[in-house]
Amino acid sequence: MRSSRRRPLLVPVLLCALAVLGARPTDGMDGDGGAGTGLAPQVVRLYEDAAKATRTYEEGRREAEAQRSKALEYERRLDGQRRKIDAMHEDLGRIARAQYRDGGGLPLTARMLLADDPEELMRGQRVVSRANSAVDRAIGANLRAEARLAAEEAKAQGAWKALEKRNADLAKLKKKIENKLEVARSRLEGQADSSVAAGSCPGAVRLDQPDVPAGPTWMAPVETYELSAAFGSGGSRWAHRHTGQDFAVPVGTPVRSVGTGRVVKVSCGGAFGIQVVVQHAGGYYTQYAHLAAVAVDQGDRVGPGQWIGQSGSTGNSTGPHLHFEVRVTPEMGSALDPVPWLSQRGVPL
């Protein structure tokens with residue numbers, strides 16, 4: 001996930017994130033214990049809130065680390081400045097000692113009377129005076145530089161501490177949202193399993209669709225994922241070779257259509273649990289299986305990036321994931337490897 005990073009506005013952004021995310025109506029469960037119309041959208045809202053909180057927290061953490069690095073750099077430069085000033089004080093001390101050894105304790109008039117070469121004495125006196133003045137000026141400049149550095153260090157330290165506090169508050173909010181999300185995901189998964197066991201598919205729950213950027217005609221079926229079981233892999237879980245590509249994602253993750261098409265199948269039960277099949281141009285079909293909820297009905301037109309359901313673990317599944325297939329017919333038995341198929345359409349996985 002990418003996010004813009006504007007340093008001067010980060011502290012207000014963190015405060016706004018705390019206020020907005022904290023005010024989201026995520027506490028309300030359905031009165032009937034989570035029946036379809038409320039639980040699935042709530043999971044999506046919590047999912048989005050958790051993602052926003054994570055992004056904002058990471059931005060704040062990076063900015064705090066940058067401020068901390070600034071404070072340490074100012075501290076390092078202050079140490080160097082102080083060493084310079086100490087060295088200049090040593091120079092002044094050496095000049096003073098040299099003057100004392102050369103009779104600097106006597107008045108200048110007496111030294112001129114006693115000197116073998118009064119003019120040479122005056123020249124030496126002027127050199128020492130200029131050296132004194134130069135060292136004094138250098139010490140003054142360095143003291144001013146030290147004061148500026150100290151002010152910058154204090155400012156960086158203050159910004160760092162403020163960001164650390166806000167990050168701590170945001171981390172608590174993030175944890176709270178994630179805890180709510182975990183509970184809601186568990187309830188959604190239980191509701192989906194009950195529907196499949198009863199042979200009664202849950203109806204479509206219309207989700208607020210995300211803003212899809214104009215341009216891409218194809219995209220991955222989920223936004224953030226880890227690839228798990230690949231096409232053609234073997235194992236005891238399947239009667240034959242694996243017919244799709246699995247995406248390891250938590251329960252409730254929004255699942256999106258990879259391209260423009262028409263929903264030709266919404267069903268539940270069997271090995272695939274709750275599933276959606278979409279027909280695309282060119283004689284291709286994509287399947288999205290083991291869902292916890294659906295957001296479309298048979299016959300609906302869908303576009304690339306449109307949310308068509310939420311991931312789950314229904315059917316023959318050992319854990320939450322999306323099973324994604326590409327076929328040349330709407331039924332199983334005609335699957336193609338989804339990875340090169342998507343790659344040819346500009347979607348590397």
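Colleague: What share of the chain's contacts with a separation of 6 or more comes from residues 24 or more positions apart?
Modeller: They account for 71%. A contact means heavy atoms within 4.5 Å. This is a predicted model: local features need pLDDT of at least 70, side-chain atom pairs count only at pLDDT 80 or more, and totals for chains, interfaces and linings use all residues. Numbering starts from 1 along each chain as its sequence is written, and side-chain values use heavy atoms, without hydrogens or water.

Colleague: What makes up the chain, in helices and strands?
Modeller: 5 helices and 10 strands. They are DSSP runs numbered from the N terminus (helix: H or I, at least four residues; strand: E, at least two).

Colleague: Why is K174 called buried?
Modeller: Its relative accessibility is 17%. Buried means under 20% relative accessible area, exposed over 50%, partly exposed in between (1.4 Å probe, protein chains only). So 17% puts K174 in the buried class. In the chain, 38% of the 349 residues count as buried.

Colleague: What makes K174 and E178 a salt bridge?
Modeller: The N to O distance is 3.2 Å. The rule asks for a side-chain nitrogen of Lys or Arg within 4 Å of a carboxyl oxygen of Asp or Glu. The pair therefore qualifies. K174 and E178 are 4 residues apart in helix α4, about one helical turn. E178 is partly exposed, at 29%.

Colleague: How many salt bridges does the rule give?
Modeller: The count is 7. Among them is K165 with D169, at 3.4 Å. These two also sit 4 residues apart in α4. K165 counts as exposed because its relative accessibility is 54%. D169, at 30%, is partly exposed.

Colleague: Which residue forms a salt bridge with E65?
Modeller: R68, with the closest N and O atoms 3.6 Å apart. Both lie in helix α2, 3 residues apart. E65 is partly exposed at 41%. R68 is partly exposed at 32%.

Colleague: Which residues touch the most other members of the largest nonpolar core?
Modeller: L188, V276, Y288, I308, L322 and F324, out of 45 residues. α4 (118-198) is one of the elements that each supply at least two core residues. The largest share, 8 residues, comes from α4. A second, separate core of 5 residues includes A71, Y74, L78 and L149. A nonpolar core is a set of buried Ala, Val, Leu, Ile, Met, Phe, Trp, Tyr and Cys residues joined through side-chain atoms within 4.5 Å.
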